[in-house]
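Subject: A structure for you to look at

Hello,

Here is the structure I promised to pass on. Please open it alongside this email and follow along as you read.

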Amino acid sequence: MDSNKREKTAGESGFALGRHMTVEFYDCDARVLADAGKVEQIFLEAARKSGATVIDANFHEFQPQGVSGVVVISESHFAV
């Protein structure tokens, strides 16, 4: 390695510990999207299938429609 170069550490510009993804889906089943329990189940399954370590989850169903939630994983989080 060049004596003027060194490996970057966490917190330094340009160093990433993981990947951040923003995903948009279309033509989804509106009944599933309005069901906080179902959305939570899907997110927990996705977290586990990705190999993440699930810490906790919290989802809320709004009236007349809408769901917000997060699955906290030791590596980061899944949110909707």
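Predicted model: local features only at pLDDT ≥ 70, side-chain atom pairs only at ≥ 80, totals over all residues.

Three strands make up an open sheet, running in the order β1-β2-β3 with antiparallel pairing. The edges are taken by β1 and β3, each of which has a single partner strand, so one side of each has no neighbour in the sheet. On average, neighbouring strands are turned by 10° against each other, direction ignored. Helix α2 packs on this sheet and touches β1, β2 and β3, its direction making about 155° with that of β1.

The two pairings are worth a look in turn. Between β1 and β2 there are seven bridges, in the antiparallel sense, and here Glu61 stands opposite Val67 of β2. Strand β2 covers residues 67-73 and strand β3 residues 76-79; they are also antiparallel, and four bridges link them. In this pairing Val72 faces His77 of β3. The two strands β2 and β3 form a hairpin, with two residues between them.

**Two backbone details**

Where does Pro64 lie? Pro64 sits in the loop between β1 (54-61) and β2, and the peptide bond that joins Gln63 to Pro64 is cis, with omega about 10°. The other spot to check is Asp27, where phi is near 55°, a positive value in a residue that is not glycine. Both are worth a glance because most residues other than glycine have a negative phi, and most peptide bonds are trans. Asp27 belongs to the segment before α1 (30-33). This residue is exposed, its relative accessible area being 82%.

**Salt bridges**

How many salt bridges does a search of the whole structure find? The search gives two.

One joins the side chains of Asp29 and Arg31, at 3.0 Å from N to O. Arg31 is exposed, with 68% relative accessible area, whereas Asp29 is partly exposed at 34% relative accessibility.

The other joins the side chains of Lys49 and Glu45, at 3.1 Å from N to O. Both of these residues lie in helix α2 (residues 36-49), where Lys49 and Glu45 are four residues apart, about one turn of the helix. Is Lys49 buried or exposed? Lys49 has a relative accessibility of 67%, so it counts as exposed, the cut-off being over 50%. Glu45, with a relative accessible area of 40%, is partly exposed.

**A nonpolar patch**

Which residues make the nonpolar surface patch? Met21, Val23 and Phe25 do, and the patch comes to about 380 Å². Phe25 is placed in the segment before α1, as Asp27 is. At 66% relative accessibility, Phe25 counts as exposed.

I would be glad to hear what you make of it.

Best wishes

Technical notes
Residues numbered from 1 in each chain as written. Heavy atoms only, no water. Salt bridge = Lys/Arg side-chain N within 4 Å of Asp/Glu carboxyl O. Buried < 20%, exposed > 50% of the residue type's maximum accessible area, 1.4 Å probe, protein only. Pairing = 2+ DSSP bridges. Axes fitted to C-alpha atoms, helices over the stretch in contact; angles between N-to-C directions. Contact = heavy atoms within 4.5 Å. Patch = residues over 30% accessible without salt bridge, like charges linked within 9 Å, V, L, I, M, F, W, Y side chains within 5 Å. Areas by Shrake-Rupley, 256 points an atom, 1.4 Å probe, with all protein chains shown as cover.
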